[in-house]
Amino acid sequence: MSTVANSKSRAEEIVARCNTLSSFSEDPGSIRRTFLSPPMRDCHRELTKWLAAAGAEVTVDAAGNLRAFYAAEESRAPRLLLGSHLDTVPNAGAYDGVLGVVLAVSLLEALERRRLPFGIELVGFSEEEGVRFGAPFIGSRALVGTLDEQFLNCQDANGISIRTAIKNFGLNPAEIPHAMIGQDTVAYLEFHIEQGPVLESLGQSLGVVEAIAGQTRMEFIFVGRANHAGTTPMHLRHDTIAAAAEWILAVERSAQKVPDLVATVGQMEATPGATNVIAGQARVSLDLRHRSDEIRLRAAAALTGLAEEIAARRGLTIRTSELLSQRAVEMDKFLIGEIENAMRNVGCQPYRIVSGAGHDAMILAEKVAAAMIFLRTPGGISHHPAESVMTEDVAKAIECGLQLLEQLATSSEFQKRMCRA
């Protein structure tokens with residue numbers, strides 16, 4: 001299908017296309033593209049042009065996902081999903097999510113209209129980041145049928161609900177059930193930048209994701225008593241910032257003792273927030289991630305208990321709330337093995353990696369076999385304008401993807417899975 005020379009030129013085109021899509025932004029001079037914002041129409045237009053030329057039929061479903069179907073040899077054959085997300089964080093880079101979509105377009109182009117025993121459906125998810133509504137995975141939730149009424153009622157900072165945003169984009173939220181994948185969908189594959197430093201530290205172009213870490217997000221509010229900073233002796237204070245600071249350092253120490261656990265306090269807000277007032281309230285966030293749900297949940301319980309102990313010792317009260325509990329997801333073992341074989345066949349040493357970030361693949365895994373291929377992220381930088389990729393890594397990803405499609409087309413195990421679909 002595609003020679004090494006072709007893969008290099010395709011890689012250069014992929015990078016150029018990602019840069020083209022990065023120009024479609026809500027913010028002049030930087031990249032921000034949230035759920036069904038006007039720049040998403042521009043993305044759809046460009047992608048539709050490329051996909052139609054590759055022989056795919058393009059539609060947009062009721063959740064705003066771009067869907068493109070590349071037919072199989074036979075009309076009623078099962079289908080393989082390829083995709084990633086088109087939305088971004090504020091002040092984003094050009095490759096998070098978008099690279100996976102554009103790379104999938106290139107794979108279809110490389111087939112040069114040759115048909116496989118299975119159809120290929122490309123999905124450019126409308127939302128994954130959770131920026132506009134504080135609710136992530138809107139696009140992929142629609143495909144697995146968990147975009148329910150409560151979710152659709154979530155509102156953005158302007159009081160616009162997800163349901164209204166869908167209507168404003170010219171879509172009908174009543175048709176969201178039609179976006180669900182059917183029994184004919186056999187697997188989902190996502191290419192994505194690693195967004196971390198591991199592959200670069202190992203000198204590896206690609207990695208195969210074996211699991212996506214589970215996440216716990218919590219809020220802790222230490223409540224004490226605000227008072228004058230100059231007239232209140234140290235031993236008579238109920239200082240919530242001091243309590244929060246003690247707990248934050250304990251979070252760091254605790255996480256360092258548990259292999260592969262990551263714990264982050266990313267937000268802290270003091271009230272009243274004046275330089276000459278002892279803070280009467282301090283609100284802090286906690287983000288915990290691990291591939292083992294048992295370890296993650298045990299850590300969450302221990303850190304909650306520690307916050308309660310610190311508060312009691314300092315004469316404070318504390319309120320806690322869980323904002324998110326996302327279970328860890330294992331990727332499909334058969335697909336992992338096939339990806340590793342594909343990597344070897346194109347000259348890459350397979351390396352298994354756990355994703356600390358959430359991805360659409362963890363949502364699709366609720367319904368179908370799912371797998372991910374990571375590309376090296378130079379400097380480990382993501383969610384930032386300096387985010388980048390190496391053209392040679394993109395070329396290897398193209399070669400690996402094409403090799404994988406060939407393997408699946410002739411795999412007896414994949415044939416069995418297609419028969420069951």
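Author: Gladly! A salt bridge here is a side-chain nitrogen of Lys or Arg within 4 Å of a carboxyl oxygen of Asp or Glu. Please keep in mind that this is a predicted model. Across the whole structure, a search finds 31 salt bridges.

Reader: What makes Lys49 and Glu46 a salt bridge?

Author: Their closest N and O atoms are 3.3 Å apart, and the cut-off is within 4 Å, so the pair qualifies. Both residues belong to helix α2 (residues 38–54), where they sit three residues apart, about one turn of the helix.

Reader: Why is Glu46 called buried?

Author: Glu46 has a relative accessibility of 11%.

Reader: Why are Glu246 and Arg314 called partly exposed?

Author: The values are 25% relative accessibility for Glu246 and 30% relative accessible area for Arg314. Buried would need under 20% and exposed over 50%, so a value in between is called partly exposed.

Reader: Which residues are linked in a network of salt bridges?

Author: The network consists of Asp61, Arg67, Arg79, Glu121 and Asp184. Of these, Glu121 is found in strand β4 (residues 119–125).

Reader: Is Glu121 buried or exposed, and how do you know?

Author: Its relative accessible area is 5%, so Glu121 is buried, the limit being under 20%. Leaving aside neighbours within four places in sequence, the contacts of Glu121 include Arg67, Phe69, Arg79 and Leu81.

Reader: What makes the link between the side chains of Glu121 and Arg67 a polar contact?

Author: The distance is 2.6 Å, and the cut-off for a pair of N or O atoms is within 3.5 Å.

Reader: Why is Ala371 called buried?

Author: Ala371, placed in strand β16, has 1% relative accessibility and therefore counts as buried. Not counting residues up to four places away in sequence, Ala371 touches Tyr188, Leu189, Glu190, Met331, Leu335 and Ile339. The C-alpha atoms of Ala371 and Leu189 are separated by 5.0 Å, although these residues are 182 residues apart along the chain.

Reader: How do you know that Glu387 has no salt bridge?

Author: Glu387 is buried, and the nearest side chain of opposite charge, Arg33, is 9.2 Å away.

Reader: Which backbone nitrogens lie 2.8 Å and 3.2 Å from a polar atom of the side chain of Glu387?

Author: The backbone nitrogen of Tyr95 is at 2.8 Å, and that of His383 is at 3.2 Å. Glu387 itself is located in the loop between β16 and α12. Apart from neighbours within four places in sequence, Glu387 is in contact with residues including Gly93, Asp96, Ile193 and Ser382.

Notes. Residues are numbered from 1 along each chain as its sequence is written. This is a predicted model: local features need pLDDT of at least 70, side-chain atom pairs count only at pLDDT 80 or more; totals for chains, interfaces and linings use all residues. Side-chain values use heavy atoms; hydrogens and water are left out. Helices (H or I, at least four residues) and strands (E, at least two) are DSSP runs, numbered from the N terminus. Buried means under 20% relative accessible area, exposed over 50%, partly exposed in between (1.4 Å probe, protein chains only). Contact means heavy atoms within 4.5 Å. A polar contact is a pair of N or O atoms within 3.5 Å; within protein, one must be able to donate a hydrogen and the other to accept it, and residues adjacent in sequence count only if both atoms are side-chain atoms. Lys and Arg count as positive and Asp and Glu as negative; His and the chain ends are not counted.
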